[in-house]
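Start with the loops, then turn to the sulfurs.

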Amino acid sequence: MQTYLLALDQGTTSSRAILFDQAQNILGITQKELTQLYPREGWVEQDPMEIWSSQYSVMMELLAQSGVDPRHIAAVGITNQRETTILWDKHTGRPIHNAIVWQCRRTADLVDGLVAQGLGEHIRATTGLVPDAYFSATKIKWILDHVPGARERAVRGEILFGTVDSWLVWKLTEGKVHVTDYTNASRTMLYDIHRLDWDDTLLQALDIPRAMLPQVRSSSQVYGYTQLQGCRVPIAGMAGDQQAALFGQTCFHPGDAKNTYGTGCFLLMNTGDTPFQSKNGLITTIAMGREGKVQYALEGSVFVGGAVIQWLRDEMRFFTESRDAEYYAQKVSDNGGVYLVPAFTGLGAPHWDMYARGCLVGLTRGTKREHIIRAAQESIAYQVADLVSAMEADTGLPLTALKADGGASRDHFLMQFQADIIQREVRRPAIRETTALGAAYLAGLATGVWRDLEEISSLWQCDLTFQPHMDSAQRGQLLENWHRAVGRSLNWASPR
C-alpha cells in the first residue's frame with residue numbers, strides 16, 4: 001500500500017500544502033497568498049486567523065484534488081516562517097493581537113534597552129543570537145505591554161505564546177497541544193541552546209511569564225493528532241523553514257551548507273555537535289533536534305532577498321510577473337555602475353544594523369530600468385557572498401559548493417551570477433520544494449516511513465550545477481563597489 005506525507009509550509013507570503021509519496025514524488029501542491037499588513041513605517045503584521053484559515057483551506061483543497069484517502073497519510077509535517085509572534089487566549093483560541101512578523105522593526109528600542117542593561121553578551125552566549133528586533137522575544141513583550149491586562153492573564157496561564165508552528169499545532173489539535181520544536185525555540189531570543197531550556201534571565205528582563213511558553217520538543221516525533229476527513233492522522237515533524245530546508249537538502253553532516261532564496265535569504269551550515277560562536281556577525285542556531293540530541297548550525301540571514309523583486313513588481317511597477325526580472329536583467333550587459341542595497345527593514349548578517357535603509361547609488365543619465373532590475377538581482381547574490389565569506393572565516397572550512405533552493409533559485413541569471421561572485425559551484429536540487437520536503441522527512445522518520453538519514457540521503461538528486469566563470473579582477477571590483485554602496489545605507493534611520 002502506498003504511503004503519503006502531508007507537508008504544511010506556512011511561509012511569510014503564502015500558506016502551502018504539498019503531498020509527497022514515499023519516493024518523494026510530489027502528488028500535488030496548493031497555495032494561497034497571505035495578506036501583509038503595514039500599520040506604520042517599519043511595522044509588519046499578519047492576521048493569525050488568516051494564517052490558520054489559509055493553511056487549513058489549502059490542506060483540504062489538496063486532499064480533495066489529490067483524491068488520496070487520508071487513511072494512507074502516514075503523518076503531517078509542519079514548517080513555518082520563523083520568529084513571527086502570536087499570542088492567543090487559551091480558552092477561546094482567539095488571538096489577542098495581530099501576529100508581529102519577523103520583518104517588523106517596531107521593537108528596535110526594546111532591543112537597545114536590553115543592550116543598555118548589559119545583556120548583549122548574555123544573549124549571544126546563551127541563545128546564539130545577536131540582539132535584534134528580528135527575533136520573537138521583544139515582540140512578545142511589545143504585545144504584553146500594549147494589550148490591556150494581557151500580562152496579568154499570561155501569568156495565570158490564560159494567554160499563550162507561540163511561533164507559527166505552535167499556533168498551527170494548537171489549531172490542528174483543537175487546543176489540546178501547546179508545543180514548539182528545538183529549531184523554532186532557538187529563534188525566540190529566549191531559549192538557552194546549550195541547556196535546552198527557556199532562559200530565566202531573559203524572561204525576567206522582558207517580564208515574560210514562563211506560563212505562556214510552549215513545551216519544547218524534538219523536531220521529529222508525534223506531538224498530537226489532527227482529524228482529516230474523519231481520519232486521525234499524527235502530526236510528527238516540525239521545524240522552522242530554514243532548518244527544514246537544511247534537512248530537505250540532506251545537509252546532515254558538519255560543513256554541509258545550503259542557501260534558500262525566498263522572501264529573505266538564509267545560508268545555513270551544519271556544524272554538528274559543536275555550537276560555533278561567530279566572530280563575523282553570524283548567528284548560532286539549532287539545526288535540528290532528534291532522538292534527544294541536537295545538531296547546531298551557523299546561519300546568516302538576509303532580510304530582503306526575493307522581496308526586492310516583489311518590491312520592483314508591486315511598488316515600482318517595473319514588471320507584472322516576478323519571473324520577468326530574469327529577462328530584463330539580461331537585456332543589459334552589466335549593471336551600468338548601479339547598485340541597489342535593499343535594506344528596507346535594516347540589514348541582517350553580517351552587519352546587523354536595525355537602522356540601515358535601502359539605497360540606490362551610481363545612477364547616471366544613461367541608467368535604464370533594466371540596470372536597476374539587474375542591480376536588484378545582483379544585490380541578492382552580493383548579500384549571500386558576504387555570508388559565505390563570514391562563514392568561511394568563522395569555521396575555517398572553505399565551502400566546496402552551495403546547495404540552492406527557494407523560489408528565486410529558478411532564476412538562471414541569479415544562480416549563475418551567484419556562482420560567479422562566490423567562485424563556487426551552485427547546485428540546484430531536482431526537487432526544489434526542499435522546505436516542505438524537510439518537514440515531510442522529519443514526519444516520515446518519526447512514523448517509520450524512512451528508516452534513517454542514510455536512506456534519505458540516497459534520495460537527493462541534483463537538477464543543475466552552475467559553474468563560476470567570472471574573472472577574479474571583475475569579481476573583486478563588483479564586490480568592492482557593493483561594499484561601498486552598503487556603507488551609504490548603514491545607520492540611516494538611527495534616532496537623532
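Pro350 lies in the loop between strand 19 (339-341) and strand 20 (359-361). Helices (H or I, at least four residues) and strands (E, at least two) are DSSP runs, numbered from the N terminus. This is a predicted model, in which local features need pLDDT of at least 70, side-chain atom pairs count only at pLDDT 80 or more, and totals for chains, interfaces and linings use all residues. Residues are numbered from 1 along each chain as its sequence is written, and side-chain values use heavy atoms, with hydrogens and water left out.

The peptide bond from Ala349 to Pro350 is cis, with omega near -5°. Most peptide bonds are trans, and most residues other than glycine have a negative phi.

Two residues have a positive phi. Gln24 has phi near 60°. Gln24 sits in the loop between strand 2 (14-21) and strand 3 (26-33). Its relative accessibility is 7%, so Gln24 counts as buried (buried means under 20% relative accessible area, exposed over 50%, partly exposed in between, with a 1.4 Å probe and protein chains only). Glu174 has phi near 55°. Glu174 belongs to the loop between helix 6 (164-172) and strand 9 (179-181). Glu174 is exposed, at 65% relative accessible area.

Now the cysteines. How many disulfides does a search of the whole structure find? It finds zero, a disulfide being a pair of cysteine sulfur atoms within 2.5 Å. Cys462 is in no disulfide either, and its nearest cysteine sulfur, that of Cys251, is 12 Å away. Cys265 is buried, with a relative accessible area of 0%. Cys462 is partly exposed, at 36%.
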